[in-house]
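Hi,

Here is the structure I promised to pass on. Please have it open while you read, as my notes follow below.

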Number of protein chains: 2
Amino acid sequence: MEAIHDTAMRVLEEIGVAFLNPEAVAILKHAGCRVDGEIVYMGRDFVMEMLSHAPEQWTITPRNPDRKITVGGNHILFGNVSSPPNYWDMEIDRKIPGTRQYYANFLRLSQYYNCIHFIGGYSVEPVDLHPSTRHLDALFDKLTLTDKAPHAYSLGPERIEDGMEMVRIAAGISHEEFDATPRMFTNINSTSPLKHDWPMLDGWMRMARRGQGLLVSPFTLAGAMAPVTMVGAVAQSLAEGLSAIALAQYINPGVPCAFGTFTSNVDMKTGAPAFGTPEYMRATQITGQMCRYYKLPMRSSGACAANVPDGQAMWETSNSLWAGVQSGSHIIYHAAGWLEGGLIASPEKFVMDCEVLSQILRYFEPVLWRTDPGDLAYEAMDEVRHNGHFFGIQHTQDRYETAFWQPSLSDWKNFEGWQAQGGVWTAERAHLLYKRILEDYEEPPMDPDIRAELTEFVERRRAEGGAPTDF
Amino acid sequence: MEAIHDTAMRVLEEIGVAFLNPEAVAILKHAGCRVDGEIVYMGRDFVMEMLSHAPEQWTITPRNPDRKITVGGNHILFGNVSSPPNYWDMEIDRKIPGTRQYYANFLRLSQYYNCIHFIGGYSVEPVDLHPSTRHLDALFDKLTLTDKAPHAYSLGPERIEDGMEMVRIAAGISHEEFDATPRMFTNINSTSPLKHDWPMLDGWMRMARRGQGLLVSPFTLAGAMAPVTMVGAVAQSLAEGLSAIALAQYINPGVPCAFGTFTSNVDMKTGAPAFGTPEYMRATQITGQMCRYYKLPMRSSGACAANVPDGQAMWETSNSLWAGVQSGSHIIYHAAGWLEGGLIASPEKFVMDCEVLSQILRYFEPVLWRTDPGDLAYEAMDEVRHNGHFFGIQHTQDRYETAFWQPSLSDWKNFEGWQAQGGVWTAERAHLLYKRILEDYEEPPMDPDIRAELTEFVERRRAEGGAPTDF
């Protein structure tokens with residue numbers, strides 16, 4: 001850990017990070033960093049002092065305060081797949097551009113599943129909405145169809161300011177109440193190697209000033225935009241991410257931040273990105289050690305390279321998710337619905353992933369026998385002895401309803417029973433299940449006055465032209 | 001751990017274990033155990049003294065000494081699925097009884113894959129072979145089509161004696177050499193709750209006397225033949241397994257043993273067994289702690305309830321396998337090819353599982369940067385800085401060939417590339433791959449004289465009638 005830390009610090013001190021945002025450069029220069037054009041060199045003392053302000057644990061309180069989440073400590077939070085431009089489902093069986101309708105369906109699925117704790121970026125990009133006002137309609141849908149902790153994109157001033165204002169309106173709170181505690185979060189990606197772009201830095205700084213949740217996730221593909229070795233790629237990702245966190249902490253000491261890992265490798269024969277590989281898992285877990293070293297909450301992802309929700313999709317995603325939770329990650333992004341390296345969102349994959357997520361959450365529940373010695377079951381064994389079975393005894397009757405995780409998509413019938421019901425493979429069952437969920441979905445309640453205010457805001461901003469689309 | 005240990009010991013002392021084998025009962029009575037008919041009560045002092053003789057680490061040397069394996073320590077060993085009565089592949093698309101031909105194909109797959117370290121029980125039961133002589137033909141195939149560490153079934157005296165003799169002949173060694181170090185292994189299952197049957201105990205004791213590898217794996221389904229709580233089910237499995245190990249150690253102190261977990265849960269609505277669930281994972285890991293407590297090598301399994309090699313099959317199997325290796329298991333049985341709770345063997349599932357196994361093995365390789373500081377990649381980052389990429393630089397060129405795990409079944413192409421090649425889902429790709437492997441398979445060399453001696457033995461024993469089939 002010391003060697004990786006030292007490497008990251010040397011990179012910050014001697015190679016520097018490009019901040020393609022003059023305001024950010026000016027702030028860091030004011031903070032005492034050496035600056036050469038866009039390149040900012042940060043001393044390790046400065047970085048570590050800034051990191052010392054970052055809280056180890058923080059909360060996000062969405063419009064429904066019962067959905068408040070805690071980032072850090074022993075908490076594990078899962079969110080929907082974010083930002084694929086394309087959509088695939090079994091009925092369409094083609095890769096097609098995302099639409100508002102598909103996007104809204106993913107919001108409904110995200111609201112429905114208890115194992116989804118926060119609403120990340122757009123599960124699929126609603127490309128039928130004009131880019132200048134897409135964020136307004138998409139956030140309107142997010143804030144009305146769900147009541148969980150919301151994300152807004154840091155893509156320049158208008159989008160993030162609109163996002164913060166809409167989250168505030170949806171929660172029915174004052175500006176002071178909004179600023180007092182995190183109500184939402186954003187996520188930025190560095191432009192590896194060692195560069196932060198203008199619009200993301202702009203949103204980052206605006207969110208920092210208002211004390212909202214900040215995630216930075218360098219996309220460091222080893223062998224492409226990062227060193228071919230996983231420890232080298234992690235060191236680079238740390239330099240990139242910690243430099244953004246240092247900036248946020250200088251602007252607003254104590255602002256809640258988390259470090260996101262998105263370090264994977266490429267296929268060296270083709271350059272294709274890979275996910276859920278042994279290298280991906282190891283990079284995630286190395287990063288977990290480093291986040292504990294820096295006392296920062298951590299983000300990782302559920303990811304795969306597979307193009308359809310088949311066996312490969314599930315072994316790659318299982319690898320990603322287990323590495324994520326076992327690395328000590330607090331926030332697992334893209335935990336449901338991801339295909340094709342993040343280029344496709346699929347509702348079948350979404351419900352398949354949720355089946356895995358609910359198992360992971362169950363796995364991490366405390367082992368109850370610490371509090372109930374009856375669970376050691378000596379008396380039960382003494383009752384059944386050598387020739388009985390445990391189905392009918394009181395010890396079983398007292399516990400069977402909660403003893404085991406209950407599946408919602410898995411089929412545990414034997415082959416004949418499964419065949420008698422049509423012999424349906426998992427992805428097809430998932431197709432039927434997601435449609436049933438959409439039929440059963442109920443919109444979370446929202447005060448009509450608040451809804452009207454939100455609608456009015458969207459219409460006003462639409463009339464004003466929304467946000468520029470030229471970057 | 002102390003509470004689980006104490007529960008297991010109380011079960012052994014006060015409830016006792018039924019040994020349905022008069023010879024075993026007599027031996028244990030001679031050892032000082034209290035005996036009441038078939039029930040043997042073992043004091044914890046006796047059990048712990050017997051366990052103190054069991055080695056923490058041992059080897060199996062098959063006919064090809066280069067394939068020698070070490071059981072225990074930091075070694076992880078994978079084996080093929082064992083004992084399904086039925087076969088399924090995508091072309092047949094039905095569940096059909098196993099045959100010698102299918103069985104031999106699984107042997108070829110097991111020989112082919114480097115991630116398969118030992119040959120367990122029959123990957124599919126060759127039911128076209130007569131039960132009285134099936135073991136002779138099946139072992140002949142195993143010993144000629146593979147040269148990895150072999151298993152033989154403990155099903156009464158004839159089968160296990162034939163098995164030992166055939167392994168000895170195949171290795172071209174004397175009886176003394178055979179007895180000097182383990183050349184093979186067996187696995188017995190208790191008849192839960194708290195019972196060992198006659199034929200398995202018979203084979204167990206014969207193998208113990210000749211110093212061969214012994215695995216005992218209680219099949220303790222929580223809520224059915226074991227308590228509904230996982231700690232209770234683990235405690236029962238320990239009582240069952242440790243009682244067999246104590247017997248073996250009394251017969252031949254120091255004989256190599258391993259404890260196998262096969263604790264899972266049932267669906268409490270239907271009674272159907274489940275595998276790869278959160279409860280399965282936790283039971284496996286609790287058992288891992290207990291095996292370290294007893295200083296015994298451990299066996300676990302790759303298992304699933306799914307009926308076909310789809311998404312569910314892979315998330316359940318991934319859960320099983322990761323829980324297995326992370327519990328500290330040394331031997332992972334059923335690691336490739338298992339479907340339908342062990343009732344079906346599938347060649348597609350076999351090659352899909354091997355893709356996961358090779359990733360697990362890669363994941364556990366040492367992190368090289370401990371020995372090569374260049375892996376920290378400071379100089380590489382200094383060379384590329386803020387605008388380049390790492391593809392072409394020397395640091396990458398020096399490492400790219402071994403930097404990342406290489407897939408053999410995974411498709412990492414993007415959707416369009418994948419579609420252009422037919423849009424083939426994982427299970428279908430696995431179908432094509434297993435057929436290609438069978439075409440490429442090469443039989444490991446065997447001395448013609450040894451092969452003749454083996455054939456002669458099989459024919460003589462066939463003429464003698466083989467083994468009884470009335471139990």
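To start with a question: is Arg451(B) buried or partly exposed? With a relative accessible area of 32%, Arg451(B) is partly exposed. Please keep in mind throughout that this is a predicted model.

**Salt bridges**

Arg451(B) has a partner: its side chain meets that of Glu443(B) in a salt bridge, at 3.2 Å from N to O. Glu443(B) is partly exposed too, because its relative accessible area is 42%.

Elsewhere in chain B, Glu365(B) and Arg362(B) are joined by a salt bridge, with an N to O distance of 3.7 Å. The two ends of that pair fall into separate classes. Glu365(B) has 39% relative accessibility, so it counts as partly exposed. Arg362(B) has 17%, and therefore counts as buried, since the cut-off for buried is under 20%.

In chain A, Arg10(A) and Glu14(A) form a salt bridge in which the closest N and O atoms are 3.7 Å apart. These residues sit four apart in helix α1 (residues 2-15) of chain A, so about one helical turn separates them. Arg10(A) is partly exposed at 27% relative accessible area, and Glu14(A) is partly exposed at 40%.

There is also a network of salt bridges in chain A, linking Asp162(A), Arg460(A), Arg461(A) and Glu464(A). Over all chains, the count of salt bridges comes to 54.

**A negative patch**

On the surface, Asp447(A), Asp449(A), Glu453(A) and Glu456(A) gather in a patch of negative charge. Asp447(A) lies in the loop between α17 (426-440) and α18 (448-463) of chain A. Its relative accessibility is 40%, which means that Asp447(A) counts as partly exposed.

**A covered helix**

Helix α5 (residues 134-145) of chain A is mostly covered, with 12 of its 12 residues buried.

**A buried loop residue**

Lastly, Asn307(B) is in the loop between β18 (298-301) and α11 (311-326) of chain B. At 3% relative accessibility, Asn307(B) counts as buried. From Asn307(B) to Glu49(B) there are 258 residues in sequence and 44 Å in space, C-alpha to C-alpha.

Happy browsing, and best wishes

Notes: Residues numbered from 1 in each chain as written. Chains lettered and ligands numbered in written order. Predicted model: local features only at pLDDT ≥ 70, side-chain atom pairs only at ≥ 80, totals over all residues. Heavy atoms only, no water. Patch = residues over 30% accessible without salt bridge, like charges linked within 9 Å, V, L, I, M, F, W, Y side chains within 5 Å. Areas by Shrake-Rupley, 256 points an atom, 1.4 Å probe, with all protein chains shown as cover. Salt bridge = Lys/Arg side-chain N within 4 Å of Asp/Glu carboxyl O. Lys, Arg positive; Asp, Glu negative; His and termini not counted. Charge placed at Lys NZ, Arg CZ, Asp CG, Glu CD. Helix = DSSP H or I, 4+ residues; strand = E, 2+ residues; numbered from the N terminus. Buried < 20%, exposed > 50% of the residue type's maximum accessible area, 1.4 Å probe, protein only. Expected span 1.5 Å × (residues − 1).
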